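Hi,

Here is the structure we talked about. Please open it alongside the notes below.

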Amino acid sequence: MTIAFDGRKAACDTAESGRAARMAIMAVARRCPECRIHIYVSRKKDYPLLGELLALDNVVLCYPEHSVLRFCPFLWRRHGIAAELRHRMPDIYHGLDGELPEGVSGIPGLACAVTVSDLVFLSSPYGFSWFQRHRNNILVRRACLSSSRIFAPSQAVAADIVKYYFIPKGKITVLPVLSGTGGTGIEPLGDRLAAVYEEIRQVR
């Protein structure tokens, strides 16, 4: 099985969300050494935060080869990632930051999952501009509706997803460790993620 991850937060974010993204990838890579793990990033360069992951034999970086895409991350996310996924044809694509790149959900044979860390821009919108609220709402809503499985870090976030987007509860898996502060060990997390990936792969 080949699992592709959105590496934007894992590669560059030192905050809790970035640590949670790296932990999720590491958990799957260690739990399933027979699986191929692809991490999608916008540029070919050194990523110190991914050093431990890239030391594993089954983990590789995927990045744009075309010069235009390398220097325009917006085009890479809007068109390049989907084109690369069609070329590499993984079994699962997991968006770790509440979004799915343009065109990814329509790729035949590809199952999609997304992690939604919070919906604070809807539940407590103060501090967000009109543009931020509506942009985030559009991107997260589209990702939730298009994904085969949604991961949430808490029951409260799961309840917000159901409340605001009318998503069936059975489509949501709660994993507290995805908050970046949960106490669940990396092995149980790997077991849970691997089981969910296998489940959605079977029904894609």
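**Salt bridges**

Arg-30 is partly exposed, with a relative accessible area of 47%. (Buried means under 20% relative accessible area, exposed over 50%, partly exposed in between, with a 1.4 Å probe and protein chains only.) This is a predicted model: local features need pLDDT of at least 70, side-chain atom pairs count only at pLDDT 80 or more, and totals for chains, interfaces and linings use all residues. Residues are numbered from 1 along each chain as its sequence is written, and side-chain values use heavy atoms, with hydrogens and water left out.

The structure holds 13 salt bridges, each a side-chain nitrogen of Lys or Arg within 4 Å of a carboxyl oxygen of Asp or Glu.

Arg-30 pairs with Glu-52 at 2.9 Å, N to O. Arg-30 sits in helix H2 (residues 16-31) and Glu-52 in helix H3 (residues 51-54), so the bridge ties together parts 22 residues apart in sequence. Helices (H or I, at least four residues) and strands (E, at least two) are DSSP runs, numbered from the N terminus. Glu-52 is exposed, at 53%.

Next, Arg-77 and Glu-99. Their closest N and O atoms are 3.8 Å apart. Arg-77 is in helix H5 (residues 73-88), and Glu-99 is in the loop between strand E4 (92-95) and strand E5 (111-115). Arg-77 is buried at 15% relative accessibility; Glu-99 is buried at 13%.

Arg-149 meets Glu-199 at 2.6 Å, N to O. This pair links strand E6 (residues 149-152) to helix H9 (residues 186-203), parts 50 residues apart in sequence. Arg-149 is buried at 9%, whereas Glu-199 is partly exposed at 42%.

Shared partners also join Asp-6, Arg-8, Arg-77, Asp-97, Glu-99 and Arg-135 into one salt-bridge network.

Best wishes
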